[in-house]
Amino acid sequence: MKTEQIALSPLAPGASLSLTVHRFGQTGARPRVYVQASLHADEIPGMIAAHHLRERLVALEAEGKIKGEIILVPSANPIGLAQRVLGSHIGRFNLSDGINFNRGYPYLVPKVAERIEGKLTSDAEVNLRLVREALRAELDAWETNNPADVLKKALLTLAIESDIVLDLHCDSEAVEHLYTHTRSADEFAPLSALIRAQAYLLADESGDDPFDEALSRPWGELAERFKDHPIPFGCHSTTLEFRGERDVSHELGTRDAAALIAYMTLRGVIAGEAPSIPEPLCQPTPLAASEPVPSPATGIVVFQAEIGDRVKAGDVIAEIVDPHSGTVAQATSPTDGVLFARIALRFVTQGTRLGKVAGKTAKRTGKLLGA
């Protein structure tokens, strides 16, 4: 294992932060896998999974079993990790501007298209390298002007030439689920089964430019722009949601790390016998078919459905109790599907998103992700 520290721009005079990066295998070897945890710095399940993953990778490297290259960032957001307000950790949003740390990554396609125009060949591998070089060059040219963008650029620089990217997150209260590009559905189907996902959500574009799409989306769009030249899908990137914020234990972290090791073994990054893949608990569905459950009133939240429950349209997800009048309003599921996530709050205002149900029929358009 090689470990390095990447310094980030100072937040203020005399105050600087850095990223810790662990590298396994031979630099430049393929396949290359990039793994990062806790881009939302208060989402700790991915961080404990990364801890156990690092231990496994150290042992595997000592045995000579790392055949590709694996880059691991065990805590991807030192800015968010340092943020506290009245004793509460705020790791999802940048306190300087309120922007979600997993939104607003650069959309590189137009400038990359200009760079590769007239240079593509009939050789898919040559084009793959050409596009990677153009993506890296365009990212290098991005002029950042605040610490959050410096962090984004550093993370993308580490990941942008990878074959596979695994971004480890969690929700408030949730079962295992994952998000990825539509063209990566087959690539991550074994991983979905290995982590025992109960929702597998696909989109070409979900809105607001999250980290995983900054890496995967260019490949699909460039292939569409240059249909006369073969451009492989050069980076399969996924956001893995390891349950809820409080689901932090060595048992769960060990289990999640084992699933990641099995997947990387299946993909040839780690030497070993191909793992058996369990029967999946769900099939891929459009992210546009995932619908929020809004609160119909202000009051106390009393959930009537548990995460992982299969629900029908009209089923009661929660009751909202007005503590003053005693009236009770019912929040119902907008669709048939699985309640894969819900909030941790137990007192809400009207319109608050209480949970998310993964349906099968795409209904929503526009921005498909929450704040």
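Two residues are in contact, or touch, when they have heavy atoms within 4.5 Å of each other. F211 touches Y34, Q36, L39, N102, Y105, L155, L156, A159, V165 and D167, leaving aside residues up to four places away in sequence.

Before going on, a word about the model. It is predicted, so local features need pLDDT of at least 70 and side-chain atom pairs count only at pLDDT 80 or more, while totals for chains, interfaces and linings use all residues. Residues are numbered from 1 along each chain as its sequence is written, and side-chain values use heavy atoms, with hydrogens and water left out.

F211 also belongs to the largest nonpolar core, a set of 44 residues in which Y34, L155, F211 and L222 touch the most other members. Such a core joins buried Ala, Val, Leu, Ile, Met, Phe, Trp, Tyr and Cys residues through side-chain atoms within 4.5 Å; buried means under 20% relative accessible area, exposed over 50% and partly exposed in between, with a 1.4 Å probe and protein chains only. The elements that give two or more residues to this core are β2 (18–25), β4 (69–73), α3 (109–116), α4 (124–140), α5 (147–159) and α7 (211–225). Helices (H or I, at least four residues) and strands (E, at least two) are DSSP runs, numbered from the N terminus. The largest share of the core, eight residues, comes from α5. Apart from this core lies another, of 36 residues, among them L166, L240, L260 and I261.

Next, look at helix α6 (residues 185–194), where eight of the ten residues are buried. These are A185, E187, F188, P190, L191, S192, A193 and L194. They pack against β7 (164–171), β9 (177–180), β10 (199–202), β11 (236–244) and α8 (250–266). After α6 comes R196, with a positive phi near 65 degrees.

Now for the strands, which pair if DSSP finds at least two bridges between them. β1 (residues 2–7) runs antiparallel to β2, joined by six bridges, and K2 has R23 as its bridge partner in β2. β2 also pairs with β4, again in the antiparallel sense, over four bridges; here H22 stands opposite L72. Elsewhere, four strands form an open antiparallel sheet in the order β17-β16-β14-β19. Its edge strands, β17 (328–332) and β19 (347–348), each pair on one side only. Within the sheet, β14 (residues 299–303) and β16 (residues 316–321) share four antiparallel bridges, and V301 is partnered with I320.

Finally, the pockets. On a 1 Å grid over the protein atoms alone, a pocket is an open set of points where a 1.4 Å probe fits, with protein on both sides within 12 Å along at least five of seven lines, and lining residues have an atom within 4 Å of a point. The largest pocket has a volume of about 1,100 Å³, volume being the space filled by probe spheres set on the points, which are joined across faces, edges and corners. Of its 48 lining residues, R92, D171, S172, K356 and A371 lie nearest its centre. Strand β20 (residues 353–358) gives the largest share of that lining, four residues.

The second largest pocket has a volume of about 280 Å³. Among its 18 lining residues, T285, R310, G337, A358 and K360 are the closest to its centre.
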